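I opened this notebook to record what I looked up in the structure, entry by entry. The sequence and the model come next, and my entries follow them.

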Amino acid sequence: KQTSLLSRCVSLAIRCGKTFRHLFSSRNAHNSIAKMVHYVKMEDGKVMPFQEMLKSIERYNPEHLKVIESYVEEQARENQYDLEANLACLKLYQFNPHLLNKNITYIILLKALTNFPHTDFVLCKCLLLPAQMNDDMVKEIIYLADILEKCDFSLFWERVTKHPENFQKINGFYDSIRKFVCHVVGITFQTIERTYLMQLLGNVEENVLRSWLKRYGWQEEGGLVTIATQEDNIKTKHITEKIEFDNLAPLMANCL
């Protein structure tokens, strides 16, 4: 019942997320850890900062693909995140299928998973080629995204623990998913059983659970964890309608 409640409360909210590019750009700048400054060499010999290149027509130049791929790998190592760079990489694969690197594709999709509940994964998925969509690893990642959207966290951790080697390159992957779990718990529960919370976080140890409780300010008492009093988060709205008779007169006349 608790898993079903999670699914109903959150899945709709995720599906209703706005996917306009300018929203992603601003959010991406907010969520990314401070990036190292990269430079790209142009054909004329001039050097352009990497972020400026992404805002120009040069983002579609296949000669810059190696630099972008290197930056994607750096995101995985350093626990950074840059949606625009990742989308540029996938777009270059669309235009140049012979340059496709599936390992980079895996990293991009897994990094998009770490930014749930935002809908980055949908944008990345829309740029995949048939060769990528038919790949077994890509299919598994898409399945994991579906599980996360349904908030079936027990099944998610079960799938992840079967092949931990698939996620070793993504520094901070597990904690990013646990952050999403805590987000869901925080908007769904007032209190939750301690053992059930540990299960949702991936059957974590005692010390790991305590660190997440401290991070979110949740209080533990007995076998229950107090999340929040949801009534405090609900703002009552008073709606006053003012309809004058003169406004209704034409409508009433048409009904005669």
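Which residues are linked in a network of salt bridges? I found Arg194, Glu206, Arg210 and Glu220 linked in this way, where a salt bridge is a side-chain nitrogen of Lys or Arg within 4 Å of a carboxyl oxygen of Asp or Glu.

Entry on conventions. I am working with a predicted model, in which local features need pLDDT of at least 70 and side-chain atom pairs count only at pLDDT 80 or more, while totals for chains, interfaces and linings use all residues. Residues are numbered from 1 along each chain as its sequence is written, and side-chain values use heavy atoms, with hydrogens and water left out.

Entry on the salt bridges. Arginine 194 pairs with glutamate 220, the closest N and O atoms being 2.2 Å apart. Because arginine 194 lies in helix H12 (residues 194-200) and glutamate 220 in strand E4 (residues 219-221), the pair ties together parts that are 26 residues apart in sequence; helices (H or I, at least four residues) and strands (E, at least two) are DSSP runs, numbered from the N terminus. Arginine 194 counts as buried at 14% relative accessibility, whereas glutamate 220 counts as partly exposed at 36%; buried means under 20% relative accessible area, exposed over 50%, and partly exposed in between (1.4 Å probe, protein chains only).

Next I turned to aspartate 135 and lysine 102, whose side chains meet in a salt bridge at 3.6 Å, N to O. This pair links distant parts of the chain, 33 residues apart, with aspartate 135 in the loop between helix H8 (130-133) and helix H9 (136-149) and lysine 102 in helix H6 (residues 102-113). Aspartate 135 is buried at 11% relative accessibility, and lysine 102 is partly exposed at 34%.

Entry on the core. The largest nonpolar core has 68 residues, of which Leu113, Phe121, Phe153, Phe156, Val185, Ile192 and Leu197 touch the most other members; such a core is a set of buried Ala, Val, Leu, Ile, Met, Phe, Trp, Tyr and Cys residues joined through side-chain atoms within 4.5 Å. Domain 1 (36-150) and domain 2 (173-232) both give residues to this core, so it lies between them; the domain bounds come from an automatic or database domain assignment. Leaving out residues up to four places away in sequence, I listed the contacts (heavy atoms within 4.5 Å) of leucine 113, which include Phe121, Ile141, Phe173 and Ile177. Phe173 and Ile177 are among the buried residues of H11, as is Val185.

Entry on the backbone. I found a cis peptide bond between phenylalanine 116 and proline 117, with omega about 10°, and proline 117 sits in the loop between H6 and helix H7 (120-126). Asparagine 79, in the loop between H4 and helix H5 (83-95), has a positive phi near 60°. Asparagine 203 has a positive phi near 55°, lies in the loop between H12 and helix H13 (206-216), and counts as exposed at 59% relative accessibility.
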